[in-house]
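Q: Could you walk me through this structure with me looking at it on screen?

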Amino acid sequence: RAAWVSGKTRPMEYRVAQLEALGRFLDEKKEDILEAIALDMGKPPFEAELSEIFLCKNELHEALNNLSHWVKDQHVDRNLVMQLDSTFIRKDPYGVVLIIAPWNCPISLLLGPLIGAVAAGNCVILKPSEVTKNTERLMAEALPSYLDKDCVALVTAGVQETTRLLENKFDYIFYTGNPSVGRIVMAAAAKHLTPVMLELGGKNPCYVCDTCDVQNVARRVAWGRFFNAGQTCAGPDYVLCSAEMQEKLVPALRKAITDFYGFNPRVSPDFARIVGDTHFQRVQALLRSGRVVIGGQTDEKERYIAPTVLVDLQPSDPVMQEEIFGPILSIITVANMDEAIDFINSRERPLVVYAFSSDDKVVNQVLERTSSGGFCGNDTLMHVMLTSLPFGGIGNSGLGMYHGKFTFDTFTHHRGCLHRNMGREALNTLRYPPYSQQKLGIVRAASEVKRKGACTLL
Amino acid sequence: AAWLSGKTRPMEYRVAQLEALGRFLDEKKQDILEATALDMGKPSFEAYFTEILLCKNELNNTLNNLSHWMKDEHVDKNLVTQLDSAFIRKDPYGVVLIIAPWNYPIHLFLVPLIGAIAAGNCVIVKPSETSKNTERLVAEVLTCYLDNDCFAVVTAGMQETTRLLENKFDYIFFTGSPSVGRIIMTAAAKHLTPVTLELGGKNPCYVSDICDVQNVARRVAWGRFFNAGQTCIAPDYVLCSVEMQEKLMPALREAITEFFGSNPQESPDFGRIVGDKQFRRIQALLCSGRVAIGGQTDEKERYIAPTVLADVLPSDPAMQEEIFGPILPIVVVASMDEAIDFINARPPPLAIYAFSCDSKVVNQVLERTSSGGFCGNDTLMHVTLTSLPFGGIGNSGLGKYHGKFTFDTFPRLRGCLHRNMGLEALNALRYPPYSQQKLGMLTATFEIKRKGMCTLL
């Protein structure tokens, strides 16, 4: 906090230097990062490089390329009364920011927010996940040598210590994780009136209309579902389609899975593992829902769960009661698009809604009639890769949004500023007492915002 | 149920509701002025300005720009998504709760209401039970103007409001005190409901030695005594040197006399305190420092004279809480640096004011402090500009509104990508089986390069 008060993090050169140091960390420690993640959850290096290193570097470059522009005072429109004054929005940092990261993308979900927080001029305390032990250790040991220790600190903590950590007053808290812990974080923040950003999760529905290219859909859905062995908050959680579409989709999914991972995904180097034993047991228990049509094999020692597709499910089945967060794709049959939309709307609002159709009108209908953090038509996960789109949840799936400039804005306090002239007092007398109708008329004329299209006869 | 029906979403519906609000302000103008006069002796000039004019400005600003604000915002695409549709959809949150305070009882629920409706939400309004006449007016009359399926007014005291908060809302907008703000946010946390909290604080007012003393005195006095001091952004206390205090005092005396005459109790242009409890709270603060101007009170009328306290110490009662009354304490500091340290040692306020003929001084104060908003060389005026965001930070609040910012508070920005069903060949790069070659090509299509770096081909 002392470093924050010293104002050290505010000059632009300082922020750029920190961000560039982060870039060097990602470059120089790339191999170590890939190794740690592989140890923690068997993440294939391709996936790790894409989702951890590459996405972070994009965010980093986006910030570095645009920082001088984002940081500038933003001048705003003035009314008649203030024509000669200076009116602008100053982008102030919040102060000391806490970032709590989860284990599924342990680097990018910690560094992504960090980039925005540093770009906005804050001091940061990082709390990486204790579940991904190797990555946690790597960050704790290596990161401090790249970043200024006065202003960026890394804390390793389990559940108990994190609870105590939250008793402190922070100026902003950024939390990625599950909804139940999200509530705890927000309640703790409420005591200090600390603003929060919560990136939570949910069951992301995937509506597949009858009019589509089945093989393409199967590939895109399978990719989104089985990337990182399903441990992606934006992954498609379940499919809604007609019984006829299910008949076509299942063989197409089988083909896609074989194309991706071969006949025995367990020996494919491109398929990941579940992060820990508790999580493995939880996901494994969900297999007892409906009927397994593809996959279903598990290996506890390796924490391997095969890419699996389940059909004949009831909304009351275990697999439909919680976010799956594993390589299981459920298929629920509905009669038509309206039923699918009702199904989606009767549940908590998810992080993403997916809709597949060759007919644009269908995709737009689903977009219009549902509510979600984000939306992607005819693909999965790709909207997350575009830094110009805001990423975040709504309701149970989260609060706030980030990526690209939105991260910078999240960590910036937009301070409305007016700088007037010390003189020219005559103009002000209109508003001072003693009041009169005449004065009021003039004040009104000078500050009024008229409705356009209304004629004023002079 | 009304929310699910999607009734509030079409633009025509929103415009119709907003125009109905405009008619409410026009047709019920007299009733509004009367109700606020009864509740707190608000002079009709002040009431007209803040409750009617500023609201109409927000309304017109919104109606003028709504079609533009509502549009999908197309965003930059990368190479991979060049042929796709990438945009931000402005979706409403759903059912929004607006809780308003008593000091500007119409304005502080109407302005958020305008934004909430403009963004397509259903709204429940809870006006303050402290300003009884206004509360009654709003409950009886507003419902005749707005669609009852989608908008409701709830009258509730403390207990009922607590029960109201147990329900799940999709957004809560609260204006009031920090202690209640915490309760609201804690209740919201149970349902993960996003909130905007407009709270308060002690807004400092630094007066440098180089200034036009009479102008400063007028502007500060105006800001402090408007609505008898019951304004969340009013200058709460002055920081200046001993010499400046000497000069400021007679200037303030003159300004007060200019505004309210030699007996402000008889001026029709000076308000009253809203209730007995609040009256007693403020009266107790008078025993801080030394009363240099004013200090008279009249319990029957809930009148407290425009008062200036000199030589106030940080430990005095008047410096322990937001005053929210017509009392201006002056705290003496040695220099601008000491003033800045004084401000920074306290929770960040809703507004910081700095007066100086030297722009550099004003800028220094701006740079080295943190606050919801800032105004140099004047008070209150920054909130009348709809293009500036208004809100607090830390103890003074969370979130911002006014103008487009109100509209932006209430919709959920939904990032949308609409891809082509075909063109599958392009996607093959990302599918397993993975290879270094694929990775290289893939990253080339997504990459954001650092500008200014040459790539030697």
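Q: How many salt bridges are there between domain 1 and domain 2 of chain A?
A: The count between domain 1 of chain A and domain 2 of chain A is zero, where a salt bridge is a side-chain nitrogen of Lys or Arg within 4 Å of a carboxyl oxygen of Asp or Glu. This is a predicted model, in which local features need pLDDT of at least 70 and side-chain atom pairs count only at pLDDT 80 or more, while totals for chains, interfaces and linings use all residues. Residues are numbered from 1 along each chain as its sequence is written, chains are lettered from A in the order in which they are written, and side-chain values use heavy atoms, with hydrogens and water left out.

Q: Which residues belong to each domain?
A: Domain 1 of chain A covers 1-201 + 401-413 and domain 2 covers 205-392, with bounds from an automatic or database domain assignment.

Q: And how many residues are in contact there?
A: In domain 1 of chain A, 24 residues are in contact with 25 residues of domain 2 of chain A, contact being heavy atoms within 4.5 Å.

Q: New topic: where does Arg347(A) lie?
A: Arg347(A) lies over the face of Phe343(A), at 4.1 Å from the ring centre; a charge sits over a ring if NZ of Lys or CZ of Arg is within 6 Å of the ring centre and within 35 degrees of the ring normal.

Q: What about the charged end of Arg346(B)?
A: That charged end sits over the ring of Phe342(B), 3.9 Å from its centre.

Q: Are Phe271(A) and Tyr304(A) buried or exposed?
A: Both Phe271(A) and Tyr304(A) are buried, meaning under 20% relative accessible area, with a 1.4 Å probe and protein chains only.

How values were computed
Buried means under 20% relative accessible area, exposed over 50%, partly exposed in between (1.4 Å probe, protein chains only).
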